[in-house]
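Notebook open, structure loaded. I'm jotting down what I look up as I go.

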Amino acid sequence: MYTQAMDTMAREGGARLEKVLSADEQALQGRFDARIDAGDFVEAKDWMPDNYRKTLLRQISQHAHSEIVGMLPEGNWISRAPTLKRKAILLAKVQDEGGHGLYLYAAAETLGTSRDQMLDALHSGKAKYSSIFNYPTLSWADVGTIGWLVDGAAIMNQVPICRCSYAPYARAMIRICREESFHQRQGYDSLLVMMRDGTDAQRAMVQDAVNRWWWPCLMMFGPPDDQSPNSAQGMRWGIKRVSNDTLRQKFVDACVQQAQVLGVTLPDPDLKWNEARQHWDFGAIDWDEFWRVVGGEGPCNRERLAARVKAWDDGAWVREAALAHANKQAMKEAA
Ligand code: FAQ
């Protein structure tokens, strides 16, 4: 059932050739499939099919880069936070995102890809990161809205990954989800204060932020299930536990009531409770916009990548100094 099908794309004269597995490989494959079927977790040193490894690396790399690039939109507001308390919270949150990136790069390293390789792929524009971080943060309310909606969507997507069949990724996700939950609550709290105790201008600022972030947040869950090329295999391998559309629907259902408590309107005239489905119906997502952003043509793609490349270049002296220090220590110890 869990074949190496994605490995067998070699073509000769237009015909598709199946990779022939040796008897040993077939036995390993059989044991691996049985473990996945039994709900076992796979550890770094266990045998795994090449494409299981590649699929994990694709997803973990995209996830890790999202955490790191995701520091930029909110980092932009650290120096302009309205109070010392909000500044301290925002600093802690942005720092947490950096930590998440590091756990995830470490999880990817257990699969044999170094952090340098992954960063090279990010800086050269080859690696993906979440579409959501290519939108600008125009006002202070964007920071609260990112906490409420972006972290809220991230939690919805990431809680099921705590049960991912690859144990090092699952373990990293448990800690990440705990922190994301604090992120979501601080964002919601910040918006609630503005909506309840703020001025009309502040309330309008929150509504404007929600209007701009709502639809891009729904896109975070990825394309519809019937247009998601990686879902079927990811789910069969227990890497992905819940489908893109199911998670998106759960997110909408959760947000409607939260928006009511907050006193903001979600910018979707088609949002309507469906008694038969016991879910909220919502309007059509602009998938052309999603693919444009994923393809590098979002409002901030160039700016985000340039900021990451500059940070890497500016940090060269730190890496060189750390390496020189480590070499000196090693020589001392050897002597
Ligand atoms: N943006 O076949 P599927 C966060 C790509 S972390 C860009 O459905 P899959 C924390 C997808 O890679 C947010 N590309 O793919 C935070 C694939 O392209 P590929 C990140 C996207 O893997 C908060 C193609 O489209 N979270 O927010 C997006 O089965 C605040 C076809 O898609 C994760 O990465 C997108 N939104 O499902 C930080 C969670 N969606 O690779 C700072 C882990 C899809 O074939 C501040 N990842 N694509 O070239 C996942 O759960 C999955 O990878 C999905 C996509 C659900 C994102």
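**Entry 1: Glu 179**

I'm working from a predicted model. I started at Glu 179, which sits in helix H7, residues 167–197. Is Glu 179 buried or exposed? Its relative accessibility is 18%, so I put Glu 179 down as buried, the cut-off for that being under 20%. Next I looked up what Glu 179 touches, skipping residues up to four places away in sequence: Asp 96, His 100 and Tyr 103.

**Entry 2: the ligand**

I moved on to the ligand and its shell. I get 37 residues around the ligand, and the closest are Arg 58, Gln 62, Lys 128, Ser 228 and Lys 240.

Then I checked some polar atoms. Lys 128 has a polar side-chain atom 2.5 Å from an oxygen atom of the ligand. At Ser 131 the backbone takes part: an N or O atom there lies 2.8 Å from a ligand nitrogen. Met 220 also comes in through its backbone, with a polar atom 3.2 Å from a nitrogen atom of the ligand.

How much of the ligand's accessible area does the protein cover? The ligand on its own has 1100 Å², and the protein covers 92% of that.

I also noted which elements give two or more residues to the shell: helix H2 (50–69), helix H4 (84–109), helix H6 (140–158), H7 and helix H11 (287–297). H2 gives the largest share, six residues. H7 is on that list, and it is also the helix that holds Glu 179. By type, I wrote the shell down as 14 nonpolar, 14 polar and nine charged residues.

**Entry 3: Asp 120**

I found Asp 120 in helix H5, residues 115–123. Its relative accessible area comes to 53%, so Asp 120 goes in my notes as exposed; the cut-off here is over 50%. I also took a distance from Asp 120 to Met 173: the two are 53 residues apart along the chain, and their C-alpha atoms are separated by 24 Å.

**Entry 4: Gln 278**

Which loop holds Gln 278? I traced Gln 278 to the one between strand S3 (272–274) and strand S4 (279–281). For my own reminder: most residues other than glycine have a negative phi.

With a relative accessible area of 44%, Gln 278 counts as partly exposed. I followed the Gln 278 side chain and found that it reaches the backbone oxygen of Glu 275 at 2.9 Å. I also checked Gln 278 against Gln 158: they are 120 residues apart along the chain, with 24 Å between their C-alpha atoms.

**Entry 5: the whole chain**

Last, I zoomed out. I have 13 helices and four strands for the chain. Does the radius of gyration agree with a compact globule, or disagree? For 335 residues the globule value would be near 20 Å and the chain has 22 Å, so I noted that it agrees. Along the principal axes, the C-alpha atoms fill a box of roughly 70 × 70 × 40 Å.

I put buried residues at 47% of the 335 in the chain. For contacts between residues at least 6 apart in sequence, I get 76% joining residues at least 24 apart.

Key
Residues numbered from 1 in each chain as written. Predicted model: local features only at pLDDT ≥ 70, side-chain atom pairs only at ≥ 80, totals over all residues. Heavy atoms only, no water. Buried < 20%, exposed > 50% of the residue type's maximum accessible area, 1.4 Å probe, protein only. Contact = heavy atoms within 4.5 Å. Near = heavy atom within 4 Å. Polar contact = N/O pair within 3.5 Å; in protein donor to acceptor, adjacent residues only side chain to side chain. Areas by Shrake-Rupley, 256 points an atom, 1.4 Å probe, with all protein chains shown as cover. Nonpolar A, V, L, I, M, F, W, Y, C, P; charged D, E, K, R; others polar. Rg over C-alpha atoms; globule rule 2.2 N^0.38 Å.
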